[in-house]
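Welcome! Please keep the sequence and the 3D view open as you read.

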Amino acid sequence: MNDWQHQRLQYLTWDRTSEDVNSAEHRARQAELGERAGAQFHSTAYVAADAAIFTTRLVLGEQSWIAGHALVRGEVVFGAHCTVNPHAMISGKVTCGDGVRIASHVSLVGFNHGYDDPDTPIYRQKHETLGITIGDDVWIGANAVVVDGVTIGRGAVIAAGAVVSKDVPEMAIVGGVPAKVLRFRGRGRRDESRAQLQALGDRAAAQYQAILERNMVEGDYLSRESHGESRKSIRHLCDAIEIGAGFGGLPDGLDVPAAIARLLAVQEPQTGLFPDPYQPPKPGLAMRDDGLALYNVLAVGYALEVLGSQPQYPISAVELAAPDLCQWLESLPWRSRAWGAGAAVDAIGTALYFNARYFTSGHSRDTLFGWLALHQDRTSGLWGAPTPDQGLLQPVNGFYRLTRGTYAQFGVAVPRPEAAIDSVLLNYRQHGGFSGSTYTACNLLDTIHPLLLCLAQTDHRRAEAEQIARDTIARAGQRWVDEEGFAFADGQDPGLQGTEMWLSVVHLAARLMGEDDAFIFVPKGVHRTQAVGLGL
């Protein structure tokens, strides 16, 4: 090989031939790297002569190559058909799938200097190594930087000059400093989502009356969510009313005056709360501490509105002096069960809505919004604390319930929407998009609604939120069971609760994308999106 050919292979390494790969010089170089750098090579892999390889472990897969003047050090694994261009720098722990393209002057830094102790010089603090993981078919553009701890999903494209400090979703195109999702490669197009929305809407509209009838036994609507078992609750009449209203109708054969009378009878006059007639509060338990008595403020109250009625008594349980309301809020389980705490705030806010609209209300709303403003976590944008076993799941789910009954219902801007979006997306990613046993309508609702609410104030990470919405719409059509509806969760039977909630989730996802006109179902009760405003 003459000097010109040698130099050409350093920079235009894709021009290598099988003769170059199998040459005695190259095989000797690979053997030396095997001894000195812990290297393992596929028989078709190639390393240019001027590449700087100082690894403790190196794996180079089929048809992969490293160009001259690239620096590779640490513990680095490449799959098949990976390429490293001249002057790229790969350090620390880096794992690449197949078909990864790394342009010139890219820097992948799979370790970090410790610097938390201000009293110790940085050079004396320990290195930390989380590692970088890069999926198949990823292109990293010139001068991009990827820092330790980042995972780049399959099919992603990293724009030239980007600084990637957060995980990158599959098929995302990211750019900027810090890098943000710009768009997604050729999947989940709007016309495809519209077709999915229209197809699901048509099926559901044609079948919902049969589904309602299927879930009625001896004149009562029942839940079928619990693995074939059924139980009575006033909620299921409300679910049936809301499903019908979402399609612009009512359940066939519903005696509206009788249904209104039955719902009005649930309300307890002294507190104004709505204990479930089938599952009353336990003896000695204050009614405001009963989850069903609080949830039925929403379920029964909105069902009455859908039927053209209203609660017959003010909900006095929430009209408290400021110290008493603050004491109630502070007693909620924010650190252990933030979802339950958020659910209580949802009921309080909704009760204040009913009072203000149909009766009179004092300053409890002012106290409630003031308390919430002072107790939001500034970093996460949420209320409540993560738990060791579930991470952010509780405060994210609590965020939905809390904001639904307060900020969303009264049309008040959510504080720190960007931080909340970051937390919701992190929780969604940590749970794999709520796949498997955690793939429930509730968890998806607790993702989609907060994103929709916060994106009314900011475009922060909108592309990622829209992709979740597209994925949700695509999955929904696959999960619908003809003549039965939706199951609330994997492993359960389709029923009224799952059907109403899933249809609402799909509406919210479509609304997030600006495509809700393609979906016939519009929630009119618990999951409606119209704010009433503080002035009512």
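Two strands are said to pair if DSSP finds at least two bridges between them. Helices (H or I, at least four residues) and strands (E, at least two) are DSSP runs, numbered from the N terminus. The model you see is predicted, so local features need pLDDT of at least 70 and side-chain atom pairs count only at pLDDT 80 or more, while totals for chains, interfaces and linings use all residues. Residues are numbered from 1 along each chain as its sequence is written, and side-chain values use heavy atoms, with hydrogens and water left out.

**Paired strands**

- Strand β1 (residues 39-41) runs parallel to strand β3 (residues 52-60), and three bridges join them.
- In this pairing, phenylalanine 41 stands opposite leucine 60 of β3.
- Strand β3 also pairs with strand β5 (residues 71-78), in the parallel sense and over eight bridges.
- Look for arginine 57, whose bridge partner in β5 is glutamate 75.

**Salt bridges: the overview**

- A salt bridge here is a side-chain nitrogen of Lys or Arg within 4 Å of a carboxyl oxygen of Asp or Glu.
- The structure holds 24 salt bridges.
- Lys166, Asp422, Arg461 and Glu464 are linked by salt bridges into a network.

**A pair within one helix**

- Glutamate 25 and arginine 29 form a salt bridge through their side chains (3.6 Å, N to O).
- The two residues are four apart in helix α3 (residues 24-37), which means that about one helical turn separates them.
- For accessibility, buried means under 20% relative accessible area, exposed means over 50%, and partly exposed lies in between (1.4 Å probe, protein chains only).
- Glutamate 25 is partly exposed, at 44% relative accessible area, whereas arginine 29 counts as buried, at 16%.

- Aspartate 482 and arginine 203 meet through their side chains in a salt bridge (3.2 Å, N to O).
- Aspartate 482 lies in the loop between α14 (462-479) and α15 (496-512), and arginine 203 lies in helix α4 (residues 190-214), so this pair ties together parts that are 279 residues apart in sequence.
- Aspartate 482 is partly exposed, with a relative accessible area of 41%, and arginine 203 also counts as partly exposed, at 29%.
- Arginine 404 has a salt bridge with aspartate 346, and their closest N and O atoms are 2.8 Å apart.
- This pair links distant parts of the chain, with arginine 404 in helix α11 (residues 393-410) and aspartate 346 in helix α9 (residues 338-358), 58 residues apart.
- Arginine 404 and aspartate 346 are both buried.
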